[in-house]
Amino acid sequence: MKHLTLLSTLLGIMILISCRTSQKFQAQTGEDKALFKAINELNRKPDNAKAQSDLIVFYPQAKQYHEEMIAGYNNSNDINRYDKILVQLNALQHIYNSIMATPGTASLLKPKSYVKEIEAVREEGAEVYYRQGLDFAALEGRSNNLNAYKAFHKSNDFIAGYKDVTGLMKDAYQKSIVHIVINPIEDRNIYFTNWSANDYTYRPEEYQQLLVNELSGAASNGFPARFYTDRELRRTGLRPDWAVDIQWVNIDPIQSTPHTYSREVSREIQIGSDTSGKPVYKNVKAILQVTERNYGMRGDLEYRVNDLVENRSIDYGRLNDDVSWTERYATYRGDSRALSQQDWALINNQNGYNRNPSRSEVMNSLMRKMYPDLRRRIQYSLK
């Protein structure tokens, strides 16, 4: 039993060693690729002399490169320098961790850990953004409160719960909330002057509500905004700060020429039996003449985001896309018994040929294609 336990222990150690030496480290910046190639070679084969030599050359170069970048950012007045410095420090710490995890490399280099430097930069960044937030919070206006919220949020990113930043962030958020109305999507029956009165499957109010729902979900993750339809605002009596107007400005048909082609179809059918009772077959044929037409519609959709309080434009844009359909019908000559179910479907589709697509088909298809981009653009304009 003792020998079995020892064997199990040795087996476990061998598995751990093999797992450790099989891991592969990735460079976090392009400049470190040569260094990590050497690290990975040594991780795979610790006695690789060339990889050891490369490591001794490339580690000081990588260290010098990142430290020079840090020195450059430290001489900058840009408040975003703390993020950039952290990128470089994290790359250096990743190099340190990778070397320490690779057998035999630490003794070759005596690498430096940057944990203390990372902590110091986080502390300094949190304090700088915290003070910036206080400066904005002391000023009047929603935009200043929004900037205060962003600064406090950034401070909290560097050190979660830094000083009293959580409460300050919440207060600035509440003061900077924008009430935004998504107005009805207008189309003014562009192009469709004779569409069926019973064609109600395109409902622009559904896309309007979808925008409100999805933008509200996105805003809950950061941007201080509340979204409403015009109907909801009338019920609540709120006055909107911003308005989003969406309108179809153009829908044009894409012309196409009918295309006709023929194909022969055939089938073996049983026409009877011989004197011995065996089935007798005959090959029957027909010529199928197929006519097809491609329909297309191109649409242009405009959106505007306006600040109603300050009477200024936040964003404007135009999206365009197109949709297409193909209609087919067929006639035939020859023996009808040669036709398949698919052939008969084309023959019986004559009523569908030259059928203009309905208003709802066009509008729903165009809107489904444009909607994701429309939502992204509106969301982006709020930042």
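This is a predicted model: local features need pLDDT of at least 70, side-chain atom pairs count only at pLDDT 80 or more; totals for chains, interfaces and linings use all residues.
Take Leu374 as a way in. Setting aside neighbours within four places in sequence, Leu374 is in contact with Leu211, Ile246, Leu301, Tyr303, Leu319 and Met367.

## Aromatic pairs

If you go looking for ring pairs, the structure holds 6 of them. One is Tyr130 with Tyr162, an edge-to-face pair at 5.8 Å centre to centre with 80° between the planes. Tyr130 sits in helix H6 (residues 115-137) and Tyr162 in the loop between helix H7 (142-158) and helix H8 (165-175), so this pair ties together parts that are 32 residues apart in sequence. Are these two tyrosines buried or exposed? Tyr130 has a relative accessible area of 9%, so it counts as buried. Tyr162 is buried as well, at 7%.

The pair formed by Tyr202 and Tyr207 is tilted, because the ring centres are 6.1 Å apart and the planes meet at 35°. Tyr202 and Tyr207 are both buried.

## Helix H6 and what covers it

Which residues of H6 are buried? They are Ile118, Val121, Gly125, Ala126, Glu127, Tyr129, Tyr130 and Gly133. The cover over these buried residues includes helix H4 (81-100), H7 and H8.

## A buried histidine

His66 belongs to helix H3 (residues 49-74). With a relative accessibility of 0%, His66 is buried because the cut-off for that label is under 20%. What does His66 touch, leaving out residues up to four places away in sequence? The list is Thr29, Asp32, Gln88, Ala91, Leu92 and Ile95.

## Salt bridges

Side chains of opposite charge can pair when their charged atoms come close. Across the whole structure, a search turns up 23 salt bridges. In one of these, Lys50 pairs with Asp54, with the closest N and O atoms 2.8 Å apart. Both residues lie in helix H3, 4 residues apart, or about one turn of the helix. An α-helix has 3.6 residues a turn, so residues three or four places apart point the same way. Lys50 is exposed, with a relative accessible area of 58%.

Asp230 and Arg231 also form a salt bridge, and here the closest N and O atoms are 3.7 Å apart. Asp230 counts as buried at 14% relative accessibility, while Arg231 is partly exposed at 29%. Then there's Asp321 with Lys369, at 3.3 Å between the closest N and O atoms. That pair links distant parts of the chain, with Asp321 in strand E6 and Lys369 in helix H12, 48 residues apart. Asp321 is partly exposed at 25%, and Lys369 is partly exposed at 44%.

Key:
Residues are numbered from 1 along each chain as its sequence is written. Side-chain values use heavy atoms; hydrogens and water are left out. Contact means heavy atoms within 4.5 Å. Rings of Phe, Tyr and Trp (its six-membered ring) pair if their centres lie within 6.5 Å; planes under 30 degrees apart count as stacked, over 60 as edge-to-face and the rest as tilted. Helices (H or I, at least four residues) and strands (E, at least two) are DSSP runs, numbered from the N terminus. Buried means under 20% relative accessible area, exposed over 50%, partly exposed in between (1.4 Å probe, protein chains only). A salt bridge is a side-chain nitrogen of Lys or Arg within 4 Å of a carboxyl oxygen of Asp or Glu.
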